[in-house]
Amino acid sequence: MKKLLIIMFFLLQLNCYASEINEDSNKDLSLEKLLNLDISIASKIRQPSNEAPSIVSVITDREIKNMGAKNLEDILKTIAGFDIYPYAWEPSPIVGVRGLFSNTNEVVRLLVNGHPLGNSWQGAMGFWEGFPVVFIKRIEVIRGPGSALYGNSAMIGVINIITKDGKDKSSLSAAYGKFDTYRADGQAAYTIKDADIYVGADFYSSNGDARFVESDYATAIFGPKGSSAPGYTTEGFQYSNLFTQFSYHDFEFNGMLNYSDTDEPLSLQRTLTDDNIRRITNAFADLEYKKSIFKNGSLSMKVYYDYHQWHHDSEFFSEETASLLSKIGLGYPEGENLRAVTNIENYKAGGEANLNYNFVDGLNMLIGFQYEYHDQFNSELSGNFNGVLKNIMIDGQPYIPWQYFEVHNIKNNCSILDDGSSCFFVTNNTRSIFAAYSQISADFFDIFQITGFGDSFSVTAGVRYDEYSDIGSNISPRLGTVYALNDKLYFKLLFGEAFRAPNFRELYIRNNPSQNGNPNLGPENITTFEGLMGFNITRWMTTSLSYFHTEMEDMIVLVPNEFQMGAVFANHGTVKSEGFEGEIRILFDKNKYGYFNMTYQEVKDITHEVIIDKYGTVYKQKDFSIGNIPEIIANWGINMDITRYVNFNLSLNYKGERKRSEKLQFTKNSIDTDGTLEKIDKRDAMDSIIVVNASIIFHNFLWANGLEFQLSGYNIFDEDDRGPEFDGVVANDIPKWGSNFIGKISYSF
């Protein structure tokens with residue numbers, strides 16, 4: 001707490017200093033231009049952010065550069081309500097918003113220039129950790145539901161990455177940092193007559209910061225002699241990206257190739273192994289035609305194609321596990337491990353058209369239609385052990401659970417299962433989606449020329465209908481009102497419903513020892529109420545306070561199933577998230593600004609599940625905290641050009657204590673006969689933590705105006721930053737990188 005108070009005092013002093021040196025020199029800068037940028041993410045029409053029927057944040061490319069952001073995580077964690085932490089076995093981060101999340105981030109819709117990223121297997125994996133921030137012009141973020149416009153996955157947030165284009169500068173850069181981290185970027189931007197051309201290339205590589213893990217899932221199953229723990233995680237990665245944008249008259253083309261070759265910190269089984277490779281190839285292309293029609297209307301038509309390949313070569317359990325199993329006659333040769341290779345490919349192709357029409361000043365209508373076709377193919381698994389965990393036959397040879405396959409890389413197909421059940425992965429799954437949406441936005445003060453009651457009073461009402469070929473239909477409504485008393489004070493009241501369709505993994509995966517699909521799944525649904533009061537204190541300072549209440553129903557979770565091994569996906573449970581967000585932003589010019597935001601959130605399971613002791617005692621769960629979510633998140637930041645040649649940026653991210661789940665179970669003691677209740681998770685709470693980043697830029701040289709040198713430090717006080725491991729099988733949770741730095745040289749022209 002002492003360190004927190006010292007840093008807060010330092011930031012306040014910097015803010016005051018910035019105010020003193022800029023108050024007279026920047027009176028020509030308007031608050032509307034600097035703090036209330038026009039955005040389109042909230043309603044697909046351009047409007048100032050304080051008039052948008054959503055709670056919106058905007059991060060510009062200048063802010064991204066000044067903070068020295070390496071990836072999307074560094075950017076998003078500065079936004080109110082966002083909690084970013086590591087996935088247990090994936091290099092991709094988990095993006096939590098207002099205490100809600102999914103392991104594959106499929107409750108947050110990620111867009112690039114309005115194009116929806118992701119697939120029906122595992123969302124937008126590969127983009128979350130590997131998207132090159134140097135391509136970004138700005139990011140528009142909605143906290144709250146967005147399915148009324150964007151459909152599937154827009155449950156707790158929508159993020160639209162707006163890329164640079166042919167009107168931006170060309171540049172070259174190279175960087176080197178701790179852990180043998182290398183990065184190289186090149187951007188070429190060109191405008192000729194009516195054509196704008198932009199091409200960007202990025203390569204990012206690192207050995208990563210190996211972090212210590214005391215025990216893992218193998219320890220829990222086989223004991224210390226059957227595990228590689230204690231030991232160190234593997235963190236290396238390589239990301240390669242190529243992006244292009246071309247516009248000519250009313251046409252715009254976007255195309256991107258994203259390739260990642262990464263180690264995984266832990267295996268899919270949350271065990272400490274040293275040979276896990278995940279390769280992901282993502283590619284998309286879209287072509288859009290925009291045309292003004294009639295007098296006050298515009299038409300947009302888009303076609304697009306996305307491709308995704310997930311190749312995973314995983315050491316499920318280490319040589320220590322294999323050695324232990326070989327001692328009980330399961331046949332593992334010396335030095336062998338338990339591994340499997342998975343390959344999945346899929347694509348989606350689709351089109352969208354919408355018409356936007358202004359009837360009169362203040363009255364706008366939007367109608368749109370969308371169609372997508374998804375196809376998953378070449379899904380296969382090969383391995384060297386019987387991971388089905390039941391007796392199987394291969395070419396007349398019986399194999400018991402965990403037994404080593406004498407012939408390596410036996411493909412897991414229907415023929416190896418003695419009961420004739422379906423494959424581990426079902427190939428050639430397809431899905432088609434049809435959607436229609438409409439929205440009306442009306443500013444009654446403009447329409448009826450009302451004066452004397454404020455500047456504006458607008459209502460936005462919309463609804464979207466989605467029809468899925470495999471799970472049925474869903475309707476997503478929204479309603480938002482925005483009232484501006486004057487140019488300083490405004491209010492928002494918002495309501496929305498959103499959904500997430502079950503993915504192919506949750507629907508169709510089979511014969512897995514830990515998780516099995518359920519073709520009868522329905523979508524997850526969420527209902528959110530929000531309120532916001534915004535106040536523009538001065539022309540350089542704005543503040544807001546918002547309240548949110550969200551309930552997520554029919555959650556897709558794993559539940560025990562007596563008819564299948566392991567667990568099965570099911571629609572089960574309701575979670576409520578409630579809290580407040582406060583924010584203040586100060587902006588004196590493009591390089592002198594500061595911000596502070598804080599989120600208080602309370603996330604509870606309100607399912608009221610009934611549990612029964614083996615002796616017949618019945619208990620109905622009360623509302624309980626789901627645990628591992630900080631009640632308080634806070635961010636501070638300051639940026640200022642100390643001189644013409646030096647820019648300094650400091651940011652601080654505070655995460656409060658993460659208490660464990662309060663869910664109860666009956667004691668598993670065999671001699672207990674009175675139905676004693678106890679917490680399932682008995683671990684101590686995770687301590688609160690403050691992570692500080694800093695970046696300094698040297699630029700504006702008279703002898704080379706486009707040349708810049710930047711040095712950025714991350715977690716500069718080397719705090720023991722960790723993400724929660726919800727099942728408790730990894731001791732002391734999931735460690736993140738310690739203190740590290742990157743030095744960068746760039747030249748723009």
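Two strands count as paired if DSSP finds at least two bridges between them. The legends below describe close-up views of a predicted model.

**View A. Strand S6 beside strand S9.** Strand S6 (residues 108-112) and S9 run parallel and are joined by 5 bridges. Within this pairing, Arg 109 stands opposite Val 158 of S9.

**View B. Strand S8 beside strand S9.** Strand S8 (residues 136-143) pairs with S9 in the antiparallel sense, over 7 bridges. Ile 139 has Ile 161 as its bridge partner in S9.

**View C. Burial along strand S9.** S9 spans residues 157-163 and is mostly covered, with 7 of its 7 residues buried. In a regular strand, side chains alternate between the two faces of the sheet. Gly 157, Ile 159, Ile 161 and Thr 163 point one way from S9, while Val 158, Asn 160 and Ile 162 point the other way. The residues of both sets are buried.

**View D. A nonpolar surface patch.** The most comes from S20, which gives 3 residues.

View E. Val 463 counts as partly exposed because its relative accessibility is 35%, and partly exposed covers the range between buried, under 20%, and exposed, over 50%.

Conventions
Residues numbered from 1 in each chain as written. Predicted model: local features only at pLDDT ≥ 70, side-chain atom pairs only at ≥ 80, totals over all residues. Heavy atoms only, no water. Helix = DSSP H or I, 4+ residues; strand = E, 2+ residues; numbered from the N terminus. Buried < 20%, exposed > 50% of the residue type's maximum accessible area, 1.4 Å probe, protein only.
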